[in-house]
Structure formats: C-alpha cells, structure tokens
Amino acid sequence: MNCLEERILKDGVVKEGNILKVDSFLNHQLDVELFDEMGAEWAKRFEGVEINKILTIEASGIGIACVAARHFNVPVVFAKKTQSVNLDGEMYTAEVESFTHKNKNNVIVSKKFLNENDKVLIIDDFLANGCALQGLISIINSAGASVAGIGIAIEKGFQSGGQIIRNLGYRLESLAIVDGMDPATGEISLRK
Ligand code: 5GP
C-alpha cells in the first residue's frame, strides 16, 4: 500500500453523493510531503516518456501539479475556471461539468502557454466521471499538442471516468483507486 492509500484509509471521510472528503491532506490543508512522494511515484511510472509540460485545473490540481513538476523539471499550466482581466489574448476553452459543484464552467488556457510542440502530462486530484479530464484533453487537442499521459491522485473506480479515459487509449496512472465507499459505515475499499 502506498502513502496516499494509507492516508485515504486513515483520514478520508465518506460523504453522501459518492464524495470522498480528503480536505485534511489534499483539498484544503495540503500535505506537501505526501505530494512530493506522489510526484516521485508519477516520475517513476512515466520514466522514459517525453514530457515537457504539466497541465492541471484550478483549484485543487495546482498544488499537486506544482510539487510533481519538481520531479519532471517542467512548467505547470493550469486551466482557469473564470474569465478575468488578467486573461488576455487568444484562448483555448472547453466546457466542463463540475462533479462537486454540479455546474458547468468554461475552462480556459491562454494560447501563449500551449502549442503543437508540447507533450503534456495532465495531473488532477480526482477522477470521477471524467468530465474534467475530457475538457483538458480537448484543450490539448485544440492546441495541436499531445497528451503524454495522465496522473490522477484518487480515481473512484466505481464511476465511469477511468474506463472512458482508458478506452480512449490514454495512459492513465492513478495512485489510489477507490472501488467502493459506504457513507453509513465510513468504510472505504481500495483496489489491490
Ligand atoms: P470528474 O470531472 O471526473 O467527474 O470529476 C473530477 C473533478 O471533480 C476533480 O477535479 C475534483 O475536483 C472533483 N471531484 C470528483 N469527485 C470527488 C470526490 O469524491 N471528492 C472530492 N473532494 N472532489 C471530487
């Protein structure tokens, strides 16, 4: 069992609606030491794969991606969920339905930071139905860049995203796969 899996069993809280709450180490308070071990593990798994950029999505992906990037020595770009005056010039956009907020956002990446020479590793905290990943993949495709791989911290294996993304042929490396969780007992079962 890896450090992330141990931590999920120790501190993860199962909520109604298929939500795993991990705010004490991943989504609110951040365990940077743990992120570092996760980054090292992705670097091991993607050894030999050409990667020159990491792409993630705000907000929870950013911290994980930044610490992981130290193991790849590449810059991190994050997709923004809101338009702002700081976002100027041409942009790639994709519509993403939020699993946790149940609303739709246009996620946005400036054309300055993604181009056809990029070989991109996507990093995110959770994989549920795969909407966030499909939005990021669509942005990478719009830029003419290529998806070198996908690193997910926690995949909920009982939801459809993992299968959809693997069926599309992407290399998906999830550090922990939750196969079931029970809000009544709090029990979490992890894939061996
Ligand atoms: P998807 O787009 O794959 O349906 O959902 C992935 C996104 O929803 C992730 O970026 C994450 O922010 C959020 N998410 C999905 N499931 C969970 C969950 O069980 N717990 C938390 N904390 N976030 C989740």
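This is a predicted model: local features need pLDDT of at least 70, side-chain atom pairs count only at pLDDT 80 or more; totals for chains, interfaces and linings use all residues.

Student: Okay, is Thr56 buried or exposed?

Tutor: Thr56 is buried, because its relative accessible area is 0% and the cut-off for buried is under 20%.

Student: And what does the side chain of Thr56 reach?

Tutor: The backbone oxygen of Ile123, at 2.7 Å.

Student: Switching to the ligand. Where does the ligand sit?

Tutor: In the largest pocket. The ligand has 16 residues around it, and the closest are Leu20, Asn129, Gly130, Ala132 and Lys156.

Student: Which elements each supply at least two residues of that shell?

Tutor: Those are β2 (19-21), β7 (119-127) and α5 (131-142). The largest share comes from β7, with 4 residues.

Student: How does the shell split by class?

Tutor: You get 8 nonpolar, 5 polar and 3 charged residues around the ligand.

Student: What about Asp124, how far is its side chain from a ligand oxygen?

Tutor: An N or O atom in the Asp124 side chain is 2.9 Å from an oxygen atom of the ligand. Backbone atoms come in too: an N or O of Ala128 lies 2.8 Å from a ligand oxygen, and for a backbone N or O of Cys131 the distance to a ligand oxygen is 3.1 Å.

Student: How much of the ligand's accessible area does the protein cover?

Tutor: On its own the ligand has 500 Å² of accessible area, and the protein covers 89% of that.

Student: New topic: the backbone. Which peptide bond is cis, with omega near 0°?

Tutor: The one from Glu58 to Ala59. Ala59 is in the loop between β3 and α4 (60-72).

Student: Why point that out?

Tutor: Because most peptide bonds are trans.

Student: Is Asn18 buried, exposed or partly exposed?

Tutor: Partly exposed, because its relative accessible area is 36%, and that class runs between the 20% and 50% cut-offs.

Student: What about Asn73, where is its phi?

Tutor: Near 55°, again a positive value in a non-glycine residue. Asn73 is in the loop between α4 and β4 (76-79).

Student: And why do you call Asn73 exposed?

Tutor: Because its relative accessible area is 69%, and exposed means over 50%.

Student: How far apart are the C-alpha atoms of Ala176 and Leu190?

Tutor: They are separated by 7.1 Å, with the two residues 14 apart along the chain. Leu190 is found in strand β10, residues 188-190.

Student: What about Leu190 and Ile177, how far apart are their C-alpha atoms?

Tutor: For that pair it's 5.7 Å, and these residues are 13 apart along the chain.

Student: And is Leu190 buried or exposed?

Tutor: Leu190 counts as buried, because its relative accessible area is 17% and the cut-off is under 20%.

How values were computed
Residues are numbered from 1 along each chain as its sequence is written. Side-chain values use heavy atoms; hydrogens and water are left out. A residue is near a molecule or strand if one of its heavy atoms lies within 4 Å of it. A polar contact is a pair of N or O atoms within 3.5 Å; within protein, one must be able to donate a hydrogen and the other to accept it, and residues adjacent in sequence count only if both atoms are side-chain atoms. Accessible areas come from the Shrake-Rupley method with a 1.4 Å probe; for residues, only the protein chains shown count as cover. On a 1 Å grid over the protein atoms alone, a cavity is a set of points where a 1.4 Å probe fits but cannot get out, and a pocket is an open set with protein on both sides within 12 Å along at least five of seven lines; lining residues have an atom within 4 Å of a point. A molecule sits in a cavity or pocket if more than half of its atoms lie within 2 Å of its grid points. Ala, Val, Leu, Ile, Met, Phe, Trp, Tyr, Cys and Pro count as nonpolar, Asp, Glu, Lys and Arg as charged, and the others, Gly among them, as polar. Buried means under 20% relative accessible area, exposed over 50%, partly exposed in between (1.4 Å probe, protein chains only).
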